[in-house]
Amino acid sequence: MAITDTVRDTMMKTANVVHRTLVSVSGGRIGGSIGSMPVVKLTTTGRTSGKPRTVMLTAPIQEGDRWVLVASKGGDDRHPDWYRNLVATPEVTLEPTGGEPRELIARTASADEKDAMWPDIVAAYKGYQGYAEKTDRDIPVVIAEPA
């Protein structure tokens with residue numbers, strides 16, 4: 001039996017809620033980082049609802065107040081909703097586990113920027129390369145930084 005997109009999306013959303021709850025309840029001691037990557041709470045504006053939408057993500061690269069996120073969706077053939085939301089409204093709030101929320105502007109990295117960062121992204125988490133090989137979709141890399 002094939003897993004439908006709806007079932008896959010529900011599973012990913014449920015895992016994200018569980019992750020957010022673990023981080024919150026443990027004060028970031030559980031799930032506050034994954035390997036060497038910090039976990040961040042990203043809040044975007046829903047592109048159709050206009051409501052705040054929050055998701056937990058990893059940031060494979062963080063330099064000062066510049067954060068890099070990968071819109072991999074586990075190698076799915078569709079862009080994640082959080083990515084589609086920030087393309088529509090690039091003003092986001094990013095809150096690192098244990099840190100203060102930051103108001104940032106998010107944008108898709110250019111092809112040259114992505115090429116330069118990709119080795120560091122994969123060094124932080126090898127799974128990103130597997131995700132890229134799993135789909136024909138060009139997985140966007142997002143740069144979120146102060147305006």
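## Aromatic pairs

In this predicted model, a search of the whole structure identifies 4 aromatic pairs. One of them joins Trp-82 and Tyr-83 in an edge-to-face arrangement, with 6.4 Å centre to centre and 90 degrees between the planes. Trp-82 and Tyr-83 are both buried.

A tilted pair is formed by Tyr-125 and Tyr-131, whose ring centres are 6.1 Å apart and whose planes are set at 55 degrees. Tyr-125 is partly exposed, its relative accessible area being 32%. Tyr-131 is also classed as partly exposed, because its relative accessibility of 22% falls between the limits of 20% and 50%. Together with Tyr-128, Tyr-125 and Tyr-131 make up one aromatic cluster.

## Charge over a ring

Lys-114 places its charged end over the ring of Trp-118, at 5.4 Å from the ring centre.

## Nonpolar cores

The largest nonpolar core comprises 17 residues, and Leu-42, Leu-69, Trp-82 and Leu-86 have the most contacts inside it. Two or more residues of this core come from each of β2 (37-45), β3 (52-58), β5 (66-70), α2 (81-88), β6 (91-96), β7 (102-108) and β8 (141-145). The largest share, 3 residues, is supplied by α2.

Leaving aside residues up to four places away in sequence, Trp-82 touches Leu-42, Thr-44, Val-55, Leu-57, Leu-69, Val-70, Ala-71 and Val-142. Another core, of 14 residues, lies apart from the largest one and includes Ile-121, Ala-124, Val-141 and Ile-143.

Methods:
Residues are numbered from 1 along each chain as its sequence is written. This is a predicted model: local features need pLDDT of at least 70, side-chain atom pairs count only at pLDDT 80 or more; totals for chains, interfaces and linings use all residues. Side-chain values use heavy atoms; hydrogens and water are left out. Rings of Phe, Tyr and Trp (its six-membered ring) pair if their centres lie within 6.5 Å; planes under 30 degrees apart count as stacked, over 60 as edge-to-face and the rest as tilted. Buried means under 20% relative accessible area, exposed over 50%, partly exposed in between (1.4 Å probe, protein chains only). A charge sits over a ring if NZ of Lys or CZ of Arg is within 6 Å of the ring centre and within 35 degrees of the ring normal. A nonpolar core is a set of buried Ala, Val, Leu, Ile, Met, Phe, Trp, Tyr and Cys residues joined through side-chain atoms within 4.5 Å. Helices (H or I, at least four residues) and strands (E, at least two) are DSSP runs, numbered from the N terminus. Contact means heavy atoms within 4.5 Å.
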